[in-house]
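Subject: Structure handover

Hi,

Here is the structure for you to look at. My notes follow below it.

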Amino acid sequence: MIKKSVLVFVLFLFVGCHAKKSVIVTKKDDRYNSSSKYKRNTGSSSSRPASTSVVVNDYIANYKEVAMNNMKNYGIPASIILAQGILESGAGRGTLAMTANNHFGIKCHNDWTGETVLKDDDAAQECFRKYNDPADSFKDHATFLTGRNRYASLFDLPKDDYEAWARGLRLAGYATDPNYPEKLISYIEKYELYQYDSQVLGKKYVINKKKIETPVLAENQSQGYYEVQKGDTLFSIAKKFNLNLEDVKQKNNMIDNTLYVGQKLRLK
């Protein structure tokens with residue numbers, strides 16, 4: 001009787017262990033099966049915010065052909081078009097770009113008969129142009145520059161001299177920011193946007209590895225602006241003026257927290 005009881009006990013343990021092992025293997029297979037809702041962690045996540053370089057490179061990939069076509073048709077360097085688009089629209093993620101397809105911050109002016117949106121800029125609730133498609137914004141940017149006498153001198157400049165074009169835009173009054181040329185040049189050189197000028201002109205391009213000079217200090221602070229000082233961070237400035245960090249970035253069309261000494265930030 002005792003031997004029979006021991007034999008039953010041993011059989012029970014064997015069956016129990018075998019069943020337990022099978023359950024573990026099944027759960028592991030299910031977790032990583034391609035048809036399962038659980039996926040192996042590859043180190044990336046769709047919920048993780050994209051880096052600034054990824055956002056900018058995506059923008060360039062989306063609009064480089066439009067920029068090169070506009071260079072062929074209107075004579076504006078593709079590098080300048082892309083750099084202005086990146087800067088003015090926050091690489092397509094700024095308020096005007098998202099709500100009005102306006103990638104160049106072009107205001108209504110007296111000759112605009114299309115749709116409009118209102119947004120605080122140099123003054124409260126200024127009128128900006130609204131487009132049905134981003135491509136319309138790129139085309140209007142080209143006709144805006146070619147159709148106004150104050151920009152006429154730009155078209156006497158070499159098409160591959162992006163530095164002269166960047167400074168010429170500022171001198172012609174396209175932007176009030178004294179550091180506007182340096183911002184455009186920094187994007188052009190960081191992302192090698194001059195290669196698209198070379199493609200249109202049929203030239204080989206050489207990577208420009210020169211360092212961007214420290215921007216010239218901005219003019220005296222105006223009401224509602226703050227001039228960045230050595231040691232400042234975007235967080236410290238926002239805290240100093242009791243402002244929300246994201247609001248400061250939005251007001252200045254910033255796509256990251258990068259600052260440089262002499263930069264003028266709009267605070268109102």
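Cys108 is buried, as its relative accessible area is 7% and the cut-off for buried is under 20%. Keep in mind that this is a predicted model.

Cys108 has a partner. A disulfide joins it to Cys127, with an S to S distance of 1.9 Å. The link is left-handed, with -70° about the S-S bond. Cys127 counts as partly exposed, at 28% relative accessibility, whereas Cys108 is buried. The disulfide count comes to 1.

Next, a helix pair. The axes of H3 (residues 78-89) and H6 (residues 162-171) come within 9 Å. They cross at roughly 50°. Angles of 65 to 115 degrees would count as roughly perpendicular, and those under 35 as roughly parallel; H3 and H6 are therefore oblique to each other. The crossing of H3 past H6 is right-handed.

Which residues in H3 and H6 meet? On the H3 side they are Ser79, Ile80 and Gln84. On the H6 side they are Tyr162, Trp165, Ala166 and Leu169. By class, this contact has 5 nonpolar and 2 polar residues, and no charged ones.

Best wishes

Note on methods
Residues numbered from 1 in each chain as written. Predicted model: local features only at pLDDT ≥ 70, side-chain atom pairs only at ≥ 80, totals over all residues. Heavy atoms only, no water. Axes fitted to C-alpha atoms, helices over the stretch in contact; angles between N-to-C directions. Helix = DSSP H or I, 4+ residues; strand = E, 2+ residues; numbered from the N terminus. Parallel < 35°, antiparallel > 145°, perpendicular 65-115°, else oblique. Left-handed = near helix turned anticlockwise from the far one by under 90°. Contact = heavy atoms within 4.5 Å. Nonpolar A, V, L, I, M, F, W, Y, C, P; charged D, E, K, R; others polar. Disulfide = S-S within 2.5 Å. Buried < 20%, exposed > 50% of the residue type's maximum accessible area, 1.4 Å probe, protein only.
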